[in-house]
Amino acid sequence: MDSKNYHEDLSHIRSMMERSSRFISLSGLSGVFAGLAALLGAIYVYFVFQREGINYFDGKRNVFTPQLVNELVVIGLVILFVAVLSGYFFTAKKSKEKKLKIWDQTTKRLLLNFSVPLVTGGFFCLGMLYHGMFVFIAPATLVFYGLALVNASKFTFSDLQNLGYCQIVLGLLSLFFLGWGLVFWAAGFGILHIVYGLVMHKKYK
Amino acid sequence: MQFNRDLNKEFESRVRLGIMSVLMVNDWVDFTEMKNLLEITDGNLASHSTALEKSKYIEIKKEFVGKKPKTSYRVTQTGRDAFASHLSALEKLLGR
């Protein structure tokens, strides 16, 4: 064997270790489109507020009617659905291009580790909705989502960790600016996703 | 070459290198998962994994899930050490 063969051995070892332990089909475009969905959703909510005669940026405490809260929850779920769908689409596409299976051990591990903090956060928010503590929803969703990302990053690109930290910081910050949830939401789920998605797309094309 | 004696003959095949690499970073890995990762045939995987088991580098567990037999692999401490020294021999050879 010559040294070229040894080089190939080493890169074979590295690629096998990576392929078997990390989910490497995650597409940056998934992040970009999830971010776009979130931004469009936030803009839409802003117009819903205007329609209801609420001027979001005047800084006053506003009382939301139960109908409005219901509508906001529905909008939130629609955004989530669109974001997850587009996320799945681009990642499935990338996985096909790389000739990797989309559903294997690495996918299961990634999803499990992502879900634990996220589902916990989801129920936490349902509890707060139940008690009418709407102002804490935005900080809680950002913090739990950030924790989910940090946890999941060990099973996919480690860059995901930085996105997680940013979401956590943003969530904690928003805890001290209650009532500006929409702005923090748009920044976290919208802008951060788009920026991160573009960086990832360039880096791991 | 004098370095060559540090390289482990057991790991000369790509398939064995692959099996060991996967097991170094995972706990139990089952037959199908391993086959898909390495993109090899059933028979190929079976013969190489048996050889690695004979050298006490990996453990093979056979069990039944429902009515289907399931085979899983895990690296032993001996295998871990052997693979690590094989890796450093490779690196030395390439002058790293």
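How many residues does the contact take from chain A and from chain B? The points below cover this and other features.

1. Basis. This is a predicted model, where local features need pLDDT of at least 70, side-chain atom pairs count only at pLDDT 80 or more, and totals for chains, interfaces and linings use all residues. Residues are numbered from 1 along each chain as its sequence is written, while chains are lettered from A and ligands numbered from 1 in the order in which they are written.

2. Interface. Chain A gives 15 residues to the contact and chain B gives 14 residues. Two residues are in contact if their C-beta atoms, placed from the backbone, lie within 7 Å. On the side of chain A that touches chain B, the largest share is 12 residues from helix 1 (residues 3–21) of chain A. That side divides into 5 nonpolar, 6 polar and 4 charged residues. Here Ala, Val, Leu, Ile, Met, Phe, Trp, Tyr, Cys and Pro count as nonpolar, Asp, Glu, Lys and Arg as charged, and the others, Gly among them, as polar.

3. Chain A overall. Chain A has 7 helices and 0 strands. Helices (H or I, at least four residues) and strands (E, at least two) are DSSP runs, numbered from the N terminus. The order of elements from the N terminus is α-α-α-α-α-α-α. Along the principal axes, the C-alpha atoms of chain A fill a box of roughly 75 × 25 × 25 Å. Of contacts in chain A between residues at least 6 apart in sequence, 75% join residues at least 24 apart.

4. Burial. Of the 205 residues in chain A, 33% are buried. A residue is buried if 20 or more other C-beta atoms lie within 10 Å of its own, exposed if 12 or fewer, and partly exposed in between; C-beta atoms are placed from the backbone.

5. A:Ala83. This residue sits in helix 3 (residues 66–97) of chain A. A:Ala83 counts as buried because it has 21 C-beta neighbours inside 10 Å. Apart from neighbours within four places in sequence, A:Ala83 contacts A:Ala34, A:Ala37 and A:Ala38. Its C-alpha atom is separated by 22 Å from that of A:Leu68, 15 residues apart along the chain.

6. Positive phi in chain B. B:Glu39 is not a glycine, yet its phi is positive, about 55 degrees. B:Glu39 lies in the loop between helix 2 (31–38) and helix 3 (42–54) of chain B. It has 8 C-beta neighbours inside 10 Å, so B:Glu39 counts as exposed. B:Lys56, also a residue other than glycine, has a positive phi near 65 degrees. B:Lys56 is in the loop between helix 3 and strand 2 (58–65) of chain B. B:Lys56 counts as exposed because it has 12 C-beta neighbours inside 10 Å.
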